[in-house]
Structures are given as structure tokens and as C-alpha cells.
Amino acid sequence: MAEKKEAPKGAAKSGKGKKRTKGSYYKVEGNSLKRKKSCPKCGAGVFMAEHKDRAHCGNCGYTEFR
Ligand SMILES: [Zn+2]
């Protein structure tokens with residue numbers, strides 16, 4: 001009656017599928033505060049929007065390339 005479930009040998013736990021992190025993106029949730037840059041023109045408090053390869057201030061339009 002009861003179906004015996006056999007765990008596949010070394011399933012899921014070895015190698016494959018372990019490196020599945022979304023680490024390819026810049027923004028890390030929960031850690032984004034660290035990445036936030038304040039605009040050098042507007043001063044602290046005005047944060048710049050992070051783009052792929054640049055930071056942009058929506059307030060004054062200042063753009064900083066990386
Ligand atoms: Zn600015």
C-alpha cells in the first residue's frame with residue numbers, strides 16, 4: 001500500500017543547481033542601501049538612480065559613469 005519513496009542518490013544536493021543565484025544583477029535586495037550613492041551636486045540626501053553602468057541623479061540630471 002504505502003509507496004516507498006526512495007531518495008535519488010545525491011539528488012539536488014550536489015553541484016548542479018547550486019549556483020543559482022541572481023548575483024548577476026547589481027542591486028541586491030536588502031543590501032541596496034550600501035550601493036546608493038548620493039549626488040555630489042545636490043548633496044547627501046539626494047540619491048542617484050543606479051543604472052547598468054551609470055548613476056543618474058533625477059534631481060539635477062547629473063550622471064556619473066562607472
Ligand atoms: Zn543631483
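The model is predicted, so local features need pLDDT of at least 70, side-chain atom pairs count only at pLDDT 80 or more, and totals for chains, interfaces and linings use all residues. Residues are numbered from 1 along each chain as its sequence is written, and side-chain values use heavy atoms, with hydrogens and water left out.

**Overall make-up**

- Along the sequence, the elements follow the pattern α-β-β-β-β. Helices (H or I, at least four residues) and strands (E, at least two) are DSSP runs, numbered from the N terminus.
- The protein has 66 residues, and buried residues make up 6% of them. Buried means under 20% relative accessible area, exposed means over 50%, and partly exposed lies in between (1.4 Å probe, protein chains only).
- The accessible surface comes to about 6,600 Å². Carbon and sulfur atoms hold 51% of that surface. Accessible areas come from the Shrake-Rupley method with a 1.4 Å probe; for residues, only the protein chains shown count as cover.
- Take the contacts between residues at least 6 apart in sequence: 6% of them join residues at least 24 apart. Contact means heavy atoms within 4.5 Å.

**The sheet**

- Four strands form an open sheet in the order β1-β2-β3-β4, with antiparallel pairing. Two strands pair if DSSP finds at least two bridges between them.
- The edge strands are β1 (37-38) and β4 (63-65), and each pairs on one side only.
- Two bridges join β1 to β2 (residues 47-50), and these strands run antiparallel. Here K37 has M48 of β2 as its bridge partner.
- β2 and β3 also pair in the antiparallel sense, over two bridges. They form a hairpin with three residues between them.
- A49 stands opposite H56 in β3. H56 in turn stands opposite T63 in β4.
- Three bridges join β3 (residues 54-56) to β4, again antiparallel.

- The ideal angle for four tetrahedral donors is 109.5 degrees.
- C39 is buried because its relative accessibility is 1%. C42 has 28%, so it counts as partly exposed.
- The structure holds zero disulfides. A disulfide is a pair of cysteine sulfur atoms within 2.5 Å.

**The loop between β3 and β4**

- C60 lies in this loop. At 39% relative accessibility, C60 counts as partly exposed.
- Leaving out residues up to four places away in sequence, C60 touches C39, K41 and C42.
- C60 and M48 are 12 residues apart in sequence, and their C-alpha atoms are 9.9 Å apart.
- G58 lies in the loop between β3 and β4 too. G58 is exposed because its relative accessible area is 71%.
- The C-alpha atoms of G58 and M48 are separated by 6.8 Å, with the two residues 10 apart along the chain.

**S38 in strand β1**

- S38 is found in strand β1. It counts as partly exposed because its relative accessibility is 31%.
- Neighbours within four places in sequence aside, S38 is in contact with G43, A44, G45, V46, F47 and M48.
- S38 and A49 are 11 residues apart in sequence and 9.1 Å apart in space, C-alpha to C-alpha.
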